[in-house]
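Here are a few friendly notes to read alongside the model.

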Amino acid sequence: MPAAQPMPLPLYVGRTTRVVGPQQNVNPQDMPHARNARGELGKELFHWWHNQPSKDPLGRIAMGIHAADGRNVVTDAFGKGKGKVNSQKTPVSDPAVMAQHIKRVAKFMGADAVGIARVDPAYLYVGNLSDYGTADDDRGDPAAQAKRYPYAIVCAVAWDYELGKAHRHRIGDAAYHFSQQWENILLQNLGAYIRELGYAAIPRAAAPMPMAVLAGLGEVGRNGMLITEKFGSRVHLYDVILTDLPLATDKPIDIGVEEFCGECRKCASTCPTNSIPMGDKVVHNGVEKYKVNWETCYRLRPYVHEFWEICLTCVTVCPQHQTQRLVA
Ligand code: SF4
Ligand code: SF4
């Protein structure tokens, strides 16, 4: 198996998210949902999270927290990545061939785009995101974890184009939620397949967005979302799989998002909460990027819950949202 090489610094993560200084690893317990679950974001959001089943039955079966009975949410019933690794290892003589194979398998299982990143410790979580994974996977020690699992498989599942246009509506919610469910199912199957090949498949350990950029799936837009060449931002990046399966890796791509977002401000001018900057990039946690205010975006949710759940305007108004139609 090829040895893990340390990533050169500054790490190249494409032109849209230039690394200009040291980065702190993200603790998932500081992320919006975790903070809200602990009641740190105020009563309205806490109530929305804990006590408000969705008005829409499709919404209720898509997301555990908004189901009347969480057992109706199919992904909540999974084993969640705790299967054992087969002790009979399948030998890998050519990581490039294995990478092609894994991409084909992921697409067969439902991925719309797949890339493989060399794991950089900067993008591994410290602290637990959930009870997924095992106790001995070096969680909380990014350097050790990156050495042990040098490859990240990143899959994206696209929302339906026509349904996604009906954003700020139950129909748009369904397009969004079910692409997440499908990706969750795909990742469970792909992780199980890798374990049966005799290699580790570690879920819920890495930040999907920078891993997707490293894996060449797209660039980061002014809207703070991954912009892919074929689907624009209308993709779900639910999670990535870390593995020790030897794989050839991809590189960041350049599809012109830097120039496009420098001129276009459509997401910023249509955002109902003014959470997207009209101005220039700033440096945040060592990365030069457009900094979206997640908190003002997130705080909208309890007030619209009666009518719809997820805003999505910054994705669906984006001119790059339509690219699949143009190239189809
Ligand atoms: S989801 Fe809506 S509120 Fe949030 S940043 Fe996008 S446009 Fe703004
Ligand atoms: S709407 Fe315009 S500025 Fe916003 S992400 Fe899309 S291309 Fe970039």
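Predicted model: local features only at pLDDT ≥ 70, side-chain atom pairs only at ≥ 80, totals over all residues.

1. Residues are numbered from 1 along each chain as its sequence is written, and chains are lettered from A and ligands numbered from 1 in the order in which they are written.

2. The chain has 14 helices and 10 strands (DSSP runs numbered from the N terminus: H or I of at least four residues for helices, E of at least two for strands). Of its 328 residues, 41% are buried (20 or more other C-beta atoms within 10 Å of the residue's own; 12 or fewer is exposed, in between is partly exposed, and C-beta atoms are placed from the backbone). Among contacts with a separation of 6 or more, 77% join residues 24 or more positions apart (a contact being two C-beta atoms, placed from the backbone, within 7 Å).

3. Do look at helix 7, residues 170-197: its 28 residues reach 40 Å from first C-alpha to last, close to the 40 Å expected at 1.5 Å a residue (the expected span is 1.5 Å times one less than the number of residues). Just after this helix, glycine 198 has a positive phi of about 105°.

4. The largest nonpolar core holds 74 residues, and Ala152 and Ile153 touch the most other members (a core joins buried Ala, Val, Leu, Ile, Met, Phe, Trp, Tyr and Cys residues through C-beta atoms within 7 Å). Helix 7 gives the largest share of this core, 9 residues. Beyond its neighbours within four places in sequence, isoleucine 153 contacts Ile102, Ala106, Ile116, Leu190, Val240, Ile241 and Thr243.

5. Around ligand 1 are residues including Cys271, Cys297, Cys311 and Cys314 (a residue is near if its C-beta atom, placed from the backbone, lies within 6 Å). This shell has 9 nonpolar, 3 polar and no charged residues (nonpolar: Ala, Val, Leu, Ile, Met, Phe, Trp, Tyr, Cys and Pro; charged: Asp, Glu, Lys and Arg; polar: the others, Gly among them).

6. Ligand 2 has 13 residues around it, the closest being Gly221, Cys261, Cys264, Cys267 and Cys318. Helix 9 (257-263) and helix 10 (266-270) each give two or more residues to this shell, whose classes are 7 nonpolar, 3 polar and 3 charged.

7. Lastly, threonine 296 sits in helix 11 and is partly exposed because 14 other C-beta atoms lie within 10 Å.
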